[in-house]
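Thanks for coming, everyone. Today I will talk about side chains and the partners they find. Please look at the screen.

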Amino acid sequence: MGSPPLILIVNDEPRLRTELQTVFEGTGCRTESVSTGVEAVDRARQKPVPDMVLLGMDIAGADGLDVLRRIRRTRSRLKVIMLASSTDPQKVWRAAKLGAHDCVEADDAAALKALAHECMQPETADEKAIEKEELGGGLVFVAASPVMRKLHSLVAEVAPTDVPVLCIGESGTGKEVVARLLHNRSRRRSHNFLKVNCAALPGELLESELFGYEPGAFTGAVRAKPGKFELCDKGTIFLDEIGEVPPQLQAKLLHVLQDREFTRLGGRSRIKVDVRIVAATNINIQEALRTKKFREDLYYRLNTVVFEIPPLRQRREDVLTLLTHFVETHGGQNGLPVRLISESAFDFAGDHDWPGNVRELENFAKRYLVLGDRAMTEMGPEQAVAAVAHAAAGLNGAGATKSLKPFANGVKSSAEAAAIRQALEQTHWNRKAAARLLDISYKTLLDKVRRYQLEDNSDSPS
């Protein structure tokens with residue numbers, strides 16, 4: 001039997017601390033208590049690490065949300081429960097955004113006992129999973145969030161098999177990382193892992209890239225060349241952006257999946273291969289099937305196992321681990337300086353939605369190494385590029401026609417949100433004054449504030 005779970009109680013009211021200790025010790029838990037945010041952050045850094053923190057939303061000399069940020073930076077997987085005298089929806093939303101496990105009223109005895117019971121349960125394999133796995137080639141799999149720990153566990157189950165895998169998710173979420181993890185965990189890990197970007201080549205060139213060609217297959221083909229499938233025999237081929245493969249070439253891919261053989265371009269003899277296919281796309285698959293852009297028979301061959309990679313905004317626990325990894329990895333490389341991450345940068349990373357996902361976060365890390373805190377300037381080039389990338393993801397994901405309108409809308413929304421925030425800050429968050437300044441109605445301003453989830457952070461401690 002291990003030690004009873006340890007609960008850290010953070011509150012500046014002695015009476016409430018005593019009551020909470022009584023509740024949790026009555027269920028078999030151990031408790032410690034501190035009265036300030038500074039003490040809470042310091043205790044979270046020490047061992048034994050608490051199993052859960054009960055943190056007051058408002059404690060003397062500190063904002064509970066600021067203390068939450070600091071604890072999450074120190075212990076990204078530590079469960080922090082916010083205690084409030086009343087569950088203010090705005091504060092609850094902000095706490096959830098910062099990674100709070102739950103938010104309960106301090107006098108809700110039933111909810112507190114449920115939390116104590118949850119703490120008494122043994123950790124599952126998912127909860128004990130590693131937070132970071134280096135994959136080589138600069139790739140890293142981070143599993144600090146529950147959803148990524150579950151994905152890590154699923155990959156471990158699927159990797160030893162030879163079934164095809166389809167990875168879906170927004171651009172930049174890490175689909176290649178999952179493909180590499182599958183390969184590294186499989187019996188094929190000592191053989192080739194090759195990536196083919198199916199969107200980077202026109203159909204004719206893509207076919208020769210995948211299947212190779214014989215002499216005379218086309219002008220300039222003077223000698224035979226093997227394709228990626230041959231080079232990947234007994235290994236893994238990663239077909240990125242498979243949704244961009246022309247329909248006629250999709251039929252040939254289906255044949256390889258079914259019969260494990262193909263012919264080179266311009267050839268007649270059949271070539272047998274033993275290749276595991278991992279495919280990825282950020283398109284709306286159901287829409288692509290409906291419009292016949294993607295073959296149903298190929299889709300049903302590929303989707304034996306489907307991994308959905310969530311966007312970074314839905315797994316915020318991973319953000320700070322990834323940021324730290326990127327800053328440590330790129331610092332001192334390619335002329336980039338070595339730099340410690342400031343508290344402001346940690347706060348920015350934890351609050352930002354990262355529409356460009358992991359790719360945007362990595363670019364921010366590089367920019368931070370060069371510029372320091374200046375990299376966080378609102379609506380700088382990084383955010384503008386991310387807005388376009390997010391618009392592009394929407395364009396690909398909704399089966400829309402290839403027009404510039406979604407791009408323009410994405411950039412317009414980002415610029416509009418920035419302009420509204422600037423007007424609100426200029427008027428000290430007087431919404432009526434901001435509406436007059438922007439020459440829009442008060443109702444329109446409120447609608448846009450809600451749409452862009454703008455909030456006044458001016459009273460937060462620095």
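Which residue forms a salt bridge with Arg-313? Keep that in mind while I cover the ground rules. This is a predicted model, where local features need pLDDT of at least 70 and side-chain atom pairs count only at pLDDT 80 or more, while totals for chains, interfaces and linings use all residues. Residues are numbered from 1 along each chain as its sequence is written, and side-chain values use heavy atoms, with hydrogens and water left out.

Now the reply. The partner of Arg-313 is Glu-170, and their closest N and O atoms are 2.5 Å apart. A salt bridge here means a side-chain nitrogen of Lys or Arg within 4 Å of a carboxyl oxygen of Asp or Glu. Arg-313 sits in the loop between β16 (305-308) and α13 (317-330), and Glu-170 in the loop between β10 (165-168) and α7 (175-184), so this pair ties together parts that are 143 residues apart in sequence. Helices (H or I, at least four residues) and strands (E, at least two) are DSSP runs, numbered from the N terminus. Arg-313 is partly exposed, at 28% relative accessible area. For that scale, buried is under 20% relative accessible area, exposed is over 50%, and partly exposed is in between, with a 1.4 Å probe and protein chains only.

Next, a pair inside one helix. Arg-15 and Glu-19 form a salt bridge, N to O at 2.6 Å. They are 4 residues apart in helix α1 (residues 14-25), so about one helical turn separates them. Arg-15 is exposed, at 52%. Glu-19 is partly exposed, at 39%.

Is the next pair buried or exposed? Arg-315 forms a salt bridge with Asp-318, with the closest N and O atoms 3.4 Å apart. Arg-315 is buried at 2% relative accessibility, and Asp-318 is buried too, at 0%. Elsewhere, shared partners join Asp-162, Arg-187, Arg-188, Arg-260 and Asp-274 into one salt-bridge network. The count comes to 26 salt bridges.

On to rings. How many aromatic pairs does a search of the whole structure find? The search gives 10. Rings of Phe, Tyr and Trp (its six-membered ring) pair if their centres lie within 6.5 Å; planes under 30 degrees apart are stacked, over 60 edge-to-face, and the rest tilted. Take Phe-211 and Phe-229: their ring centres are 5.3 Å apart and their planes at 5°, so they are stacked. Phe-211 belongs to helix α8 (residues 203-211) and Phe-229 to helix α9 (residues 228-231), so the pair links parts 18 residues apart in sequence. Phe-211 is buried, at 0%. Phe-229 is buried, at 0%.

Leaving aside neighbours within four places in sequence, its contacts (heavy atoms within 4.5 Å) include Leu-210, Phe-211, Ile-237 and Leu-253. Phe-229 is also among the residues with the most contacts inside the largest nonpolar core, which has 31 residues. Such a core is a set of buried Ala, Val, Leu, Ile, Met, Phe, Trp, Tyr and Cys residues joined through side-chain atoms within 4.5 Å. Helix α10 gives the largest share, 5 residues. A second, separate core has 25 residues, among them Leu-322 and Phe-326.

One last item. Phe-348, Trp-354, Phe-364 and Tyr-368 form one aromatic cluster. That's it from me.
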